[in-house]
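Have the model open while you read, and try to find each place as it comes up.

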Amino acid sequence: MLVVDDDATVRDVVGRYLDEAGYQVDLAADGPTGLRAARERAPDAVVLDLMLPGMTGLDVCRALRADDDRLPIVMLTALGEEDDRVLGLELGADDYVTKPFSARELVLRIGSVLRRSRPPEAAAEVLVDGELRVDPAARRAWLGERELALTTREFDLLAYLLAHPGRAYNRAELLAEVWGWEFGDQSTVTVHVRRLREKIEDDPTRPRRIATIWGTGYRYDPAAP
């Protein structure tokens with residue numbers, strides 16, 4: 001586990017809670033050091049502050065995603081950083097926690113992301129819709145012959161929608177079912193749906209698979225047989 005934050009108090013508190021939860025923790029105080037540590041030590045997940053010296057958290061996130069689509073990334077944001085938080089999700093962060101936060105909540109969020117990033121213990125059926133194939137056991141997805149580069153949350157969302165075709169879900173329901181959140185910023189769902197459409201739709205501006213149901217949320221429409 002890697003924690004990247006320029007606030008020594010945050011690093012120490014988060015590091016201590018993660019250590020008590022059984023994680024091996026590395027700490028970094030700036031962007032370049034954090035990126036170098038992630039590349040050298042291959043952590044199970046990265047806790048990444050947005051505002052970092054030397055290199056912003058957004059730039060670190062972008063670089064990490066270029067290296068590894070599946071590395072779980074949890075961003076730390078301040079209350080007034082909503083635009084940056086949304087941009088972080090668009091760059092591929094799996095989750096975020098807003099400062100001031102409970103270290104216990106952060107550990108729970110990290111645990112949730114890590115659990116979902118691992119293949120299920122029982123063999124799961126491969127989900128197929130036309131050229132789209134999703135293998136939950138291998139946590140891999142393909143569109144035709146091309147393997148899709150999906151983050152942990154993108155994969156979870158796609159697999160969930162594909163497993164429940166034809167049913168409309170509001171964003172609160174998807175937050176609960178896919179993220180495991182009972183409450184949270186519903187724009188998280190919006191951002192992940194947009195990213196998925198860019199990867200699986202022929203024309204993301206006119207989606208065929210993931211339909212927007214105005215006043216409700218989203219529905220997965222399978223291809224016509």
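In this predicted model, start with helix 6 (residues 152-163) and helix 7 (residues 171-179), which pack at an angle of about 110° with their axes 10 Å apart. That angle makes helix 6 roughly perpendicular to helix 7, since anything from 65 to 115 degrees counts that way. The crossing of these two helices is right-handed.

So who does the touching? From helix 6 come Arg153, Asp156, Leu157, Tyr160 and Leu161, while helix 7 brings Leu174, Glu177, Val178 and Trp179. Sort the residues of this contact of helix 6 with helix 7 by class and you get six nonpolar, no polar and three charged.

Now hop over to another pair. Helix 2 (residues 31-41) and helix 3 (residues 57-67) pack at an angle of about 15°, again with a stated axis distance of 10 Å. Helix 2 and helix 3 are therefore roughly parallel to each other, because angles under 35 degrees get that label. Helix 2 passes helix 3 in a right-handed crossing. Gly31, Leu35, Ala38 and Arg39 of helix 2 meet Val60, Ala63, Leu64 and Asp67 of helix 3. In the contact of helix 2 with helix 3, five residues are nonpolar, one is polar and two are charged.

Here are the two pairs side by side:

| Helix pair | Angle | Axes apart |
|---|---|---|
| Helix 6 and helix 7 | about 110° | 10 Å |
| Helix 2 and helix 3 | about 15° | 10 Å |

An unreviewed UniProt entry annotates Asp49 as "modified residue: 4-aspartylphosphate". Aspartate 49 sits in strand 3 (residues 46-49). Is aspartate 49 buried or exposed? Its relative accessibility is 4%, so aspartate 49 counts as buried. And what is aspartate 49 in contact with, leaving aside neighbours within four places in sequence? The list is Val4, Asp5, Asp6, Gly57, Leu76 and Lys99.

Finally, a bit of backbone geometry. Most residues other than glycine have a negative phi. Alanine 42 isn't a glycine, yet its phi is positive, at about 45°. You'll find alanine 42 in the loop between helix 2 and strand 3, and with 57% relative accessibility alanine 42 counts as exposed. Arginine 139 isn't a glycine either, and has a positive phi of about 55°. Look for arginine 139 in the loop between strand 7 (132-135) and strand 8 (140-143). Arginine 139 is buried, with a relative accessible area of 13%.

How values were computed:
Residues are numbered from 1 along each chain as its sequence is written. This is a predicted model: local features need pLDDT of at least 70, side-chain atom pairs count only at pLDDT 80 or more; totals for chains, interfaces and linings use all residues. Side-chain values use heavy atoms; hydrogens and water are left out. Axes are lines fitted to C-alpha atoms, for helices over the stretch in contact, and angles run from 0 to 180 degrees between N-to-C directions. Helices (H or I, at least four residues) and strands (E, at least two) are DSSP runs, numbered from the N terminus. Angles under 35 degrees count as roughly parallel, over 145 as roughly antiparallel, 65 to 115 as roughly perpendicular and the rest as oblique. A crossing is left-handed if the near helix is turned anticlockwise from the far one by less than a right angle, and right-handed if clockwise. Contact means heavy atoms within 4.5 Å. Ala, Val, Leu, Ile, Met, Phe, Trp, Tyr, Cys and Pro count as nonpolar, Asp, Glu, Lys and Arg as charged, and the others, Gly among them, as polar. UniProt positions are given in the numbering used here, feature names are shortened, and annotations may be inferred rather than shown by experiment. Buried means under 20% relative accessible area, exposed over 50%, partly exposed in between (1.4 Å probe, protein chains only).
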